[in-house]
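Work through the exercises below with the sequence and the 3D view side by side. Try each task before reading its solution.

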Amino acid sequence: AKKSKWSKALLNRVLMSGRLRRLLRPAYVAPPFVSFISRLLHEAIIRHHADHVETATGSLNSGAVLFCDASGFTALTERLALEDNGAEQLCLILNGFFKRLIDIVESYGGDIIKFAGDAVCIFWPVDAQESERTTGFVSQNMRMATLRAAACASAVHETLDEYIAINDADPAKQVRLRLHIGLGCGAVTLVHIGGVFRRWEFVLAGDPMAQIAIAEPLARPGETVLSPQAWALRSE
């Protein structure tokens, strides 16, 4: 038999070349938890699924950030703490409440980054090129992202304000949930950090987070407060 002209070293270089390596990678199969994570995190998983990344990663982006916090949660938990199945009832109530919120956010193209107890952080990314390939999920510019976030906040208030968590014939004994919301916009850093015990967190950082940290506490139940940066874009 003829001796192959391919040396092992040359073959290894070819196999590790970028183009062929991508062809040889196993096909990506979406994990079952995809419906529980943000689109941005899912994209990061797709990019790195064959690289087994063990270090923190990050990327720069820009967009609008909405932070929604529920009022009435403390009263709800105190009321249910007196019930034998209070934890189960709390789970059912919050699932029903947040399902309706998620449906509204999805309809306005928002990407839910994280839940934090009775609060939720939502992001509208800006990417002019990507917006041409999608419908409503990515904005062409900062003004469009901010207006979508503001419209979403308005729809959330309209649909979920005075949400009856516990009903009672006596209105005084009813427990209702209301949302107060902060809206900011600007450049953000998307960071995938952690690694201890192979546990990772996907977080947003940047000026919009500082904006909503001021705006959201200023909003009363049933209100949305825009940062000065977001307010300036309303009529451009």
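This is a predicted model: local features need pLDDT of at least 70, side-chain atom pairs count only at pLDDT 80 or more; totals for chains, interfaces and linings use all residues.

Residues are numbered from 1 along each chain as its sequence is written, and side-chain values use heavy atoms, with hydrogens and water left out.

**Exercise 1. The whole chain**

Task: State how many helices and strands the protein chain has, and what percentage of its residues count as buried.

Solution: 
1. Helices (H or I, at least four residues) and strands (E, at least two) are DSSP runs, numbered from the N terminus. The protein chain has 9 helices and 7 strands.
2. Buried means under 20% relative accessible area, exposed over 50%, and partly exposed in between (1.4 Å probe, protein chains only). Of the 236 residues, 33% count as buried.
3. Contact means heavy atoms within 4.5 Å. Among contacts in the protein chain with a separation of 6 or more, 64% join residues 24 or more positions apart.

**Exercise 2. Two helix pairs**

Task: Describe how α5 packs against α7, and how α4 crosses α5.

Solution: 
1. Axes are lines fitted to C-alpha atoms, for helices over the stretch in contact, and angles run from 0 to 180 degrees between N-to-C directions. Helix α5 (residues 86-107) and helix α7 (residues 142-160) pack at about 145°, with axes 10 Å apart.
2. From α5, Phe 97, Arg 100, Leu 101, Ile 104 and Val 105 take part; from α7, Cys 152, Ala 155, Val 156, Thr 159 and Leu 160 meet them.
3. Sort these residues by class: Ala, Val, Leu, Ile, Met, Phe, Trp, Tyr, Cys and Pro count as nonpolar, Asp, Glu, Lys and Arg as charged, and the others, Gly among them, as polar. The contact of α5 with α7 has 8 nonpolar, 1 polar and 1 charged residues.
4. The axes of α4 and α5 cross at roughly 145° and come within 9 Å. Phe 73, Leu 76, Thr 77 and Leu 80 of α4 make this contact with Gly 86, Gln 89, Leu 90, Ile 93 and Leu 94 of α5.
5. The contact of α4 with α5 has 6 nonpolar, 3 polar and no charged residues.

**Exercise 3. The nonpolar cores**

Solution: 
1. A nonpolar core is a set of buried Ala, Val, Leu, Ile, Met, Phe, Trp, Tyr and Cys residues joined through side-chain atoms within 4.5 Å. The largest has 37 residues, and those with the most contacts inside it are Leu 66, Leu 76, Ile 122, Trp 124, Val 156 and Leu 179.
2. Elements giving two or more residues to this core include β1, β3 (119-125) and β5 (175-194).
3. A second, separate core of 10 residues includes Leu 190, Phe 202, Leu 204 and Ile 212.

**Exercise 4. Two single residues**

Solution: 
1. His 157 is in helix α7.
2. Beyond four places in sequence, His 157 is in contact with Leu 179, Ile 181, Gly 222, Glu 223 and Thr 224.
3. With a relative accessible area of 25%, Gly 72 is partly exposed.
4. Beyond four places in sequence, Gly 72 is in contact with Val 175, Arg 176 and Leu 177.
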